[in-house]
Amino acid sequence: MMSHAERQNEALAGHLLDQYAGRIARSRRPYILGLSGLQGSGKSTLARVMKAQARARGWATEVLSLDDFYYARSEREALARDVHPLLRTRGVPGTHEIELLLSVLAAVPQASERLAVTYPRFDKGRDTRLPPSRWPRITQRPTLVIVEGWALGIRPQPLPALGRPVNRLEREEDPDGDWRHWVNKQLRGYQPLWRKFDALIVLQAPGWDIVRRWRGEQEQELVARHAPLAMDAASMERFLMHFERLSRHALATLPALADTVVEYDNERHVTGLTHG
(Lines give C-alpha, C1' and ligand atoms only; values in the text may rest on other atoms or scores of the structure.)
Protein backbone atom coordinates (compact mmCIF):
# COMPACT_ATOMS: atom_id res chain seq x y z
CA MET A 1 0.00 0.00 0.00
CA MET A 2 1.31 3.45 -0.96
CA SER A 3 2.26 5.98 1.71
CA HIS A 4 0.81 9.50 1.61
CA ALA A 5 4.12 10.81 0.21
CA GLU A 6 4.12 8.21 -2.57
CA ARG A 7 0.50 8.96 -3.52
CA GLN A 8 1.25 12.68 -3.50
CA ASN A 9 4.28 12.24 -5.76
CA GLU A 10 2.32 10.06 -8.20
CA ALA A 11 -0.46 12.67 -8.43
CA LEU A 12 1.96 15.60 -8.65
CA ALA A 13 4.08 13.91 -11.34
CA GLY A 14 0.99 13.23 -13.43
CA HIS A 15 -0.22 16.81 -13.08
CA LEU A 16 3.16 18.28 -14.05
CA LEU A 17 3.47 16.01 -17.10
CA ASP A 18 -0.08 16.94 -18.15
CA GLN A 19 0.83 20.63 -17.77
CA TYR A 20 3.81 20.33 -20.12
CA ALA A 21 2.57 17.56 -22.44
CA GLY A 22 1.57 19.90 -25.25
CA ARG A 23 4.90 21.71 -25.22
CA ILE A 24 6.83 18.43 -25.05
CA ALA A 25 4.85 17.08 -28.03
CA ARG A 26 5.50 20.22 -30.11
CA SER A 27 9.23 20.38 -29.33
CA ARG A 28 11.53 19.48 -32.24
CA ARG A 29 14.33 18.57 -29.87
CA PRO A 30 14.47 16.96 -26.43
CA TYR A 31 12.40 19.08 -24.04
CA ILE A 32 14.55 20.12 -21.06
CA LEU A 33 12.69 20.54 -17.79
CA GLY A 34 14.51 21.98 -14.77
CA LEU A 35 13.35 20.69 -11.37
CA SER A 36 14.73 22.88 -8.60
CA GLY A 37 14.45 22.23 -4.88
CA LEU A 38 16.52 22.75 -1.77
CA GLN A 39 18.02 19.93 0.30
CA GLY A 40 15.48 17.40 1.53
CA SER A 41 12.63 18.73 -0.62
CA GLY A 42 12.17 15.41 -2.44
CA LYS A 43 13.21 16.56 -5.92
CA SER A 44 15.18 13.40 -6.72
CA THR A 45 12.26 11.17 -5.76
CA LEU A 46 9.79 13.29 -7.73
CA ALA A 47 12.10 13.24 -10.77
CA ARG A 48 12.20 9.41 -10.61
CA VAL A 49 8.39 9.20 -10.47
CA MET A 50 8.06 11.67 -13.35
CA LYS A 51 10.51 9.60 -15.42
CA ALA A 52 8.53 6.38 -14.80
CA GLN A 53 5.22 8.06 -15.70
CA ALA A 54 6.68 9.76 -18.77
CA ARG A 55 8.05 6.45 -20.04
CA ALA A 56 4.63 4.86 -19.44
CA ARG A 57 3.26 7.57 -21.80
CA GLY A 58 5.76 6.44 -24.43
CA TRP A 59 8.21 9.31 -23.96
CA ALA A 60 11.87 8.35 -23.88
CA THR A 61 13.00 10.16 -20.73
CA GLU A 62 16.29 10.77 -18.95
CA VAL A 63 16.99 12.33 -15.54
CA LEU A 64 20.24 14.20 -15.00
CA SER A 65 21.12 15.22 -11.44
CA LEU A 66 23.26 18.28 -10.82
CA ASP A 67 24.78 16.34 -7.88
CA ASP A 68 26.35 13.84 -10.29
CA PHE A 69 28.42 16.64 -11.82
CA TYR A 70 30.31 17.53 -8.63
CA TYR A 71 34.04 17.67 -9.16
CA ALA A 72 35.93 14.66 -7.84
CA ARG A 73 37.40 15.00 -4.36
CA SER A 74 40.93 15.48 -5.74
CA GLU A 75 39.79 18.47 -7.82
CA ARG A 76 38.00 20.02 -4.84
CA GLU A 77 41.17 19.53 -2.77
CA ALA A 78 42.97 21.60 -5.42
CA LEU A 79 40.28 24.32 -5.19
CA ALA A 80 40.62 24.27 -1.39
CA ARG A 81 44.37 24.76 -1.71
CA ASP A 82 44.34 27.35 -4.51
CA VAL A 83 41.18 29.36 -3.83
CA HIS A 84 39.66 28.80 -0.35
CA PRO A 85 39.59 25.93 2.18
CA LEU A 86 35.77 25.91 2.29
CA LEU A 87 35.72 24.63 -1.31
CA ARG A 88 36.77 21.21 -0.07
CA THR A 89 33.06 20.67 0.73
CA ARG A 90 30.91 19.83 -2.30
CA GLY A 91 27.71 21.73 -2.97
CA VAL A 92 28.16 25.42 -3.69
CA PRO A 93 28.48 26.92 -7.17
CA GLY A 94 32.00 26.35 -8.40
CA THR A 95 32.11 22.72 -7.21
CA HIS A 96 30.21 21.35 -10.25
CA GLU A 97 31.62 20.66 -13.71
CA ILE A 98 28.97 22.71 -15.51
CA GLU A 99 30.76 22.49 -18.88
CA LEU A 100 30.40 18.70 -18.78
CA LEU A 101 26.66 18.92 -18.08
CA LEU A 102 26.26 21.41 -20.93
CA SER A 103 28.15 19.05 -23.28
CA VAL A 104 25.86 16.15 -22.27
CA LEU A 105 22.77 18.26 -23.03
CA ALA A 106 24.29 19.28 -26.38
CA ALA A 107 24.92 15.64 -27.30
CA VAL A 108 21.58 14.03 -26.33
CA PRO A 109 19.67 15.03 -29.51
CA GLN A 110 22.06 12.75 -31.47
CA ALA A 111 22.12 9.92 -28.90
CA SER A 112 22.00 6.41 -30.37
CA GLU A 113 23.53 2.98 -29.82
CA ARG A 114 26.40 4.06 -32.07
CA LEU A 115 26.70 7.53 -30.48
CA ALA A 116 25.98 6.73 -26.83
CA VAL A 117 26.13 9.71 -24.47
CA THR A 118 27.70 8.96 -21.09
CA TYR A 119 27.40 11.07 -17.97
CA PRO A 120 28.99 10.84 -14.52
CA ARG A 121 27.71 9.25 -11.33
CA PHE A 122 28.80 10.74 -8.03
CA ASP A 123 29.18 8.43 -5.03
CA LYS A 124 28.30 10.55 -1.98
CA GLY A 125 29.36 7.71 0.32
CA ARG A 126 32.92 7.99 -1.01
CA ASP A 127 32.58 11.71 -1.82
CA THR A 128 33.92 11.28 -5.34
CA ARG A 129 32.91 10.18 -8.84
CA LEU A 130 32.53 6.59 -9.93
CA PRO A 131 35.05 5.55 -12.58
CA PRO A 132 33.93 6.34 -16.17
CA SER A 133 33.47 2.62 -16.90
CA ARG A 134 30.46 2.73 -14.53
CA TRP A 135 28.84 5.85 -15.95
CA PRO A 136 25.30 5.49 -17.37
CA ARG A 137 24.80 5.57 -21.15
CA ILE A 138 22.02 7.27 -23.12
CA THR A 139 21.51 5.25 -26.30
CA GLN A 140 18.42 6.89 -27.83
CA ARG A 141 17.29 10.43 -28.41
CA PRO A 142 15.09 11.38 -25.43
CA THR A 143 11.76 13.14 -25.77
CA LEU A 144 12.14 14.62 -22.28
CA VAL A 145 15.21 15.40 -20.15
CA ILE A 146 14.60 16.30 -16.50
CA VAL A 147 17.52 18.12 -14.86
CA GLU A 148 17.13 18.11 -11.08
CA GLY A 149 19.22 19.90 -8.48
CA TRP A 150 19.34 22.34 -5.62
CA ALA A 151 18.86 26.01 -6.47
CA LEU A 152 18.60 25.49 -10.24
CA GLY A 153 17.74 28.81 -11.84
CA ILE A 154 19.29 30.95 -9.12
CA ARG A 155 20.98 34.22 -10.09
CA PRO A 156 23.98 35.84 -8.39
CA GLN A 157 23.30 37.92 -5.30
CA PRO A 158 23.78 41.70 -5.44
CA LEU A 159 27.27 42.47 -4.14
CA PRO A 160 26.08 44.51 -1.11
CA ALA A 161 24.24 41.39 0.14
CA LEU A 162 27.58 39.57 0.49
CA GLY A 163 28.94 41.91 3.14
CA ARG A 164 27.33 40.49 6.26
CA PRO A 165 27.92 36.84 7.30
CA VAL A 166 24.71 34.76 7.58
CA ASN A 167 26.04 32.19 10.06
CA ARG A 168 28.96 31.09 12.22
CA LEU A 169 30.76 29.35 9.35
CA GLU A 170 30.91 32.54 7.30
CA ARG A 171 31.81 34.64 10.35
CA GLU A 172 34.66 32.39 11.52
CA GLU A 173 35.94 30.71 8.34
CA ASP A 174 35.22 33.40 5.72
CA PRO A 175 35.66 36.63 7.70
CA ASP A 176 36.89 38.61 4.66
CA GLY A 177 34.09 37.27 2.41
CA ASP A 178 36.53 35.82 -0.14
CA TRP A 179 34.73 32.46 -0.33
CA ARG A 180 31.23 33.88 -0.71
CA HIS A 181 32.36 36.44 -3.30
CA TRP A 182 34.09 33.67 -5.32
CA VAL A 183 31.03 31.38 -5.11
CA ASN A 184 28.73 34.23 -6.15
CA LYS A 185 30.97 34.97 -9.14
CA GLN A 186 30.91 31.28 -10.18
CA LEU A 187 27.11 31.50 -10.47
CA ARG A 188 27.57 33.51 -13.65
CA GLY A 189 28.95 30.35 -15.25
CA TYR A 190 25.73 28.50 -14.35
CA GLN A 191 23.45 30.93 -16.23
CA PRO A 192 24.05 29.26 -19.66
CA LEU A 193 22.75 26.01 -18.12
CA TRP A 194 19.63 27.69 -16.75
CA ARG A 195 18.99 29.14 -20.23
CA LYS A 196 18.88 25.59 -21.66
CA PHE A 197 15.73 24.85 -19.62
CA ASP A 198 12.52 25.00 -21.63
CA ALA A 199 10.70 25.34 -18.30
CA LEU A 200 11.64 25.54 -14.62
CA ILE A 201 9.66 23.88 -11.82
CA VAL A 202 10.49 25.05 -8.29
CA LEU A 203 9.67 23.00 -5.18
CA GLN A 204 9.21 25.75 -2.61
CA ALA A 205 9.89 24.92 1.04
CA PRO A 206 8.34 27.05 3.81
CA GLY A 207 11.72 28.38 4.99
CA TRP A 208 15.36 27.65 5.72
CA ASP A 209 14.72 26.17 9.18
CA ILE A 210 12.38 23.59 7.65
CA VAL A 211 14.95 22.76 4.95
CA ARG A 212 17.53 22.14 7.69
CA ARG A 213 15.11 19.82 9.46
CA TRP A 214 14.24 17.88 6.29
CA ARG A 215 17.90 17.42 5.37
CA GLY A 216 18.75 16.40 8.93
CA GLU A 217 16.01 13.75 8.85
CA GLN A 218 17.51 12.31 5.66
CA GLU A 219 20.91 12.09 7.31
CA GLN A 220 19.46 10.38 10.41
CA GLU A 221 18.12 7.65 8.11
CA LEU A 222 21.63 7.19 6.67
CA VAL A 223 23.13 7.03 10.17
CA ALA A 224 20.54 4.38 11.12
CA ARG A 225 21.60 2.33 8.06
CA HIS A 226 25.29 2.76 9.00
CA ALA A 227 25.95 4.39 5.64
CA PRO A 228 29.59 5.34 4.98
CA LEU A 229 30.37 9.00 5.72
CA ALA A 230 26.91 9.58 7.28
CA MET A 231 27.17 12.75 9.37
CA ASP A 232 26.39 13.23 13.05
CA ALA A 233 24.27 16.24 14.08
CA ALA A 234 27.22 18.61 14.55
CA SER A 235 28.79 17.69 11.19
CA MET A 236 25.39 18.05 9.50
CA GLU A 237 24.91 21.51 11.01
CA ARG A 238 28.29 22.66 9.71
CA PHE A 239 27.68 21.10 6.28
CA LEU A 240 24.37 22.94 5.89
CA MET A 241 25.96 26.28 6.77
CA HIS A 242 27.75 26.11 3.40
CA PHE A 243 24.31 26.24 1.72
CA GLU A 244 22.45 28.68 3.94
CA ARG A 245 23.23 31.91 2.11
CA LEU A 246 22.18 30.75 -1.36
CA SER A 247 19.28 28.67 0.01
CA ARG A 248 17.77 31.76 1.62
CA HIS A 249 18.40 33.66 -1.62
CA ALA A 250 16.69 30.86 -3.60
CA LEU A 251 13.65 30.83 -1.29
CA ALA A 252 13.27 34.58 -1.79
CA THR A 253 13.89 34.84 -5.54
CA LEU A 254 13.21 31.57 -7.39
CA PRO A 255 9.38 31.58 -7.32
CA ALA A 256 9.34 34.74 -9.47
CA LEU A 257 11.66 33.07 -12.03
CA ALA A 258 9.77 29.75 -12.21
CA ASP A 259 7.23 28.50 -14.75
CA THR A 260 5.63 26.32 -12.05
CA VAL A 261 5.87 26.64 -8.25
CA VAL A 262 4.91 23.73 -5.99
CA GLU A 263 4.45 24.96 -2.41
CA TYR A 264 4.96 22.65 0.56
CA ASP A 265 4.08 22.92 4.24
CA ASN A 266 6.38 21.89 7.09
CA GLU A 267 5.49 18.18 6.61
CA ARG A 268 6.08 18.23 2.82
CA HIS A 269 2.36 18.25 1.98
CA VAL A 270 1.61 20.15 -1.24
CA THR A 271 -0.37 23.27 -0.30
CA GLY A 272 -0.24 25.22 -3.54
CA LEU A 273 0.50 24.82 -7.24
CA THR A 274 0.83 27.81 -9.54
CA HIS A 275 1.80 28.01 -13.20
CA GLY A 276 3.28 31.19 -14.58
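Predicted model: local features only at pLDDT ≥ 70, side-chain atom pairs only at ≥ 80, totals over all residues.
Which elements do the buried residues of α2 pack against?

Helix α2 covers residues 43–56, which makes 14 residues, and from its first C-alpha to its last it reaches 20 Å, close to the 20 Å expected at 1.5 Å a residue. The residues of α2 that are buried are K43, L46, A47, V49, M50, Q53 and A54. Looking down the axis of α2, you find these buried residues within an arc of 165°, so they line one face of the helix. To come back to my opening question, the buried residues of α2 pack against α1 (4–26), β1 (31–37), β2, β7 and β8 (199–204). After the helix comes G58, which has a positive phi, near 90°.

Of its 7 residues, 7 are buried, so β1 is largely enclosed by the rest of the structure. In a regular strand the side chains alternate between the two faces of the sheet. In β1 both faces are covered, with Y31, L33, L35 and G37 buried on one side and I32, G34 and S36 buried on the other. Strand β1 runs parallel to β7, and 6 bridges join the two; within that pairing, L33 stands opposite I146. With β8 the pairing of β1 is again in the parallel sense, over 5 bridges, and here S36 stands opposite V202.

Staying with strand β7, I would point you to V147, which belongs to that strand and which, at 0% relative accessibility, counts as buried. Leaving out residues up to four places away in sequence, V147 touches I32, L33, G34 and L35, together with L64, L105, L152 and F197. The C-alpha atom of V147 is also separated by 8.5 Å from that of E62, although these two residues are 85 apart along the chain.

What about the nonpolar core? The largest one has 78 residues, and among them L144 and L193 touch the most other members. Helix α9 gives the most to this core, with 9 residues. If we set aside neighbours within four places in sequence, L193 is in contact with L66, I98, L101, L102 and L105.

Finally, the aromatic rings, for which the count comes to 6 aromatic pairs. In the pair of Y70 and F122, the ring centres are 5.3 Å apart and the planes stand at 70°, so the pair is edge-to-face. Because Y70 lies in the loop between β2 (61–65) and α3 (73–82), while F122 lies in strand β4 (residues 122–123), this pair ties together parts that are 52 residues apart in sequence. Both Y70 and F122 are buried. The rings of W150 and F243 are likewise edge-to-face, because their centres are 5.0 Å apart and their planes are at 75°. This pair also links distant parts of the chain, since W150 is in the loop between β7 (144–149) and α5 (168–173) and F243 is in helix α9 (residues 233–257), 93 residues apart. W150 counts as buried at 5% relative accessibility, and F243 is buried with a relative accessible area of 3%. Together with F239, W150 and F243 form one aromatic cluster.

Key: Residues numbered from 1 in each chain as written. Heavy atoms only, no water. Phe/Tyr/Trp six-rings, centres within 6.5 Å; stacked < 30°, edge-to-face > 60°. Helix = DSSP H or I, 4+ residues; strand = E, 2+ residues; numbered from the N terminus. Buried < 20%, exposed > 50% of the residue type's maximum accessible area, 1.4 Å probe, protein only. Core = buried A, V, L, I, M, F, W, Y, C linked by side-chain atoms within 4.5 Å. Contact = heavy atoms within 4.5 Å. Expected span 1.5 Å × (residues − 1). Arc of directions from axis to C-beta. Pairing = 2+ DSSP bridges.
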